[in-house]
Amino acid sequence: MPYRCGSYHIIEKTAISAGIYSYVILCPEVAEEAKPGQFVHIKVEGFTLRRPLSICDIDYKNGSVRIVFEIRGNGTARLSVLNVGDSIDMIAPLGNGFTLPYGKSAPDGKSAPDGKFTPVGKSAPIIAPDRRIIVVGGGIGIPPLLGAAKVMRERATAILGFKSYDKVILANDFKQNHVHVITCTDDGSVGIRGTVIPPLETELAKNDVEMVYACGPLKMLAAIVKTCQQAGVKCEVSMEQRMGCGVGACAVCACAIRKQDKESMLMVCRDGPVFKGEELVL
């Protein structure tokens, strides 16, 4: 997977919630290669290790990528003080993204005839006109799902889980791209009270879902994978792990995979961050 290393400028900064920021970074050569589900590895001044952040959105026309991150420590706190015009030292795009179908306006600029969906990559599925996808995210695990949902627009449903109303992020971004949004909160302050699982079960019962994409806390991911397996629907999961090198050399981000009853360890940065749900040991 090709990636670039360089210094790129922030062209837009927004505080979208308490302690959560959105940056749009001008990086044409990165945007040209990037796919939904991949990540960037950012060097923060004063810190040895880079910070891995998922790609939230890709603007192929204008040559930029968007990241959304939460302050969780000194490194991300330092990152949050940057402003428009400041530069970011970044390695990107890294990892393997979601397996997605593309429509007439494919992100790579290629067109499909008469609205038929064409596969991207050898293993990408072709989705019939009466089929759709679901993205399911929890909290700060939601950003990498926006780019995936935008691919299908009206034929995508986003089930988004939060602790409370004040923690809601990106719901309007999904809606602006014509994605149907179902919001869940632990306290019922907005949307459905409870977890993302009941609405996921309801949507899967409609028997028109081709694929589910998920990112969020491990407990939530395990429940999503189980629910999809019970419904007989394929599921891909984006894993969030602490990383060192970001390119598969240091083994800091190892996760367990089970294939044909045999368990092995793979690197989230190199082999993921997206994995088949049924293969993950959660």
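Pro 273 is found in the loop between helix α7 (268–271) and strand β17 (274–276), where helices (H or I, at least four residues) and strands (E, at least two) are DSSP runs numbered from the N terminus. The peptide bond that joins Gly 272 and Pro 273 is cis, with omega about 5°. The model is predicted: local features need pLDDT of at least 70 and side-chain atom pairs count only at pLDDT 80 or more, while totals for chains, interfaces and linings use all residues. Residues are numbered from 1 along each chain as its sequence is written, and side-chain values use heavy atoms, with hydrogens and water left out.

A cis peptide bond is also found from Ala 92 to Pro 93, with omega near -10°. Pro 93 lies in strand β6. Strand β6 (residues 87–94) pairs with strand β3 (residues 39–43) in the antiparallel sense over four bridges; two strands pair if DSSP finds at least two bridges between them. Within this pairing, Lys 43 stands opposite Asp 89 in β6.

Both strands belong to a closed barrel of six strands with antiparallel pairing, in the order β1-β2-β5-β4-β3-β6. From one strand to the next, the twist averages 45°. Helix α3 (residues 143–152) packs on the sheet and touches β4 (51–59) and β5 (64–70), its direction making about 25° with that of β4. Contact means heavy atoms within 4.5 Å; axes are lines fitted to C-alpha atoms, for helices over the stretch in contact, and angles run from 0 to 180 degrees between N-to-C directions.

Strand β3 is joined to β4 by four bridges in an antiparallel arrangement, and the bridge partner of Val 40 in β4 is Leu 53. Strands β4 and β5 likewise run antiparallel and are joined by four bridges. Ile 55 stands opposite Ile 67 in β5, and Asp 59 has Ser 64 of β5 as its bridge partner. These two strands form a hairpin with four residues between them, and Gly 63 in the turn has a positive phi of about 75°. Buried means under 20% relative accessible area, exposed over 50%, and partly exposed in between (1.4 Å probe, protein chains only).

The structure holds 13 salt bridges, a salt bridge being a side-chain nitrogen of Lys or Arg within 4 Å of a carboxyl oxygen of Asp or Glu. One of them is formed by the side chains of Arg 72 and Glu 70, at 3.1 Å from N to O. Arg 72 is exposed at 63% relative accessibility, whereas Glu 70 is partly exposed at 27%.

A further salt bridge is formed by Glu 210 and Lys 234, whose closest N and O atoms are 3.6 Å apart. Glu 210 lies in strand β13 (residues 209–215) and Lys 234 in strand β14 (residues 234–238), so the pair ties together parts that are 24 residues apart in sequence. Glu 210 counts as buried, with 17% relative accessibility, while Lys 234 is partly exposed, with a relative accessible area of 42%.

The side chains of Arg 270 and Asp 271 meet in a salt bridge at 3.2 Å, N to O. Arg 270 is partly exposed at 43% relative accessibility, and Asp 271 is also partly exposed, at 25%.

For Asn 207, a residue other than glycine, phi is near 60°. Asn 207 lies in the loop between α5 (197–204) and β13 and is exposed, with a relative accessible area of 63%. His 178, which is not a glycine, has a positive phi of about 65°. The loop that holds His 178 runs between α4 (171–176) and β11 (180–185), and His 178 counts as partly exposed at 43% relative accessibility.
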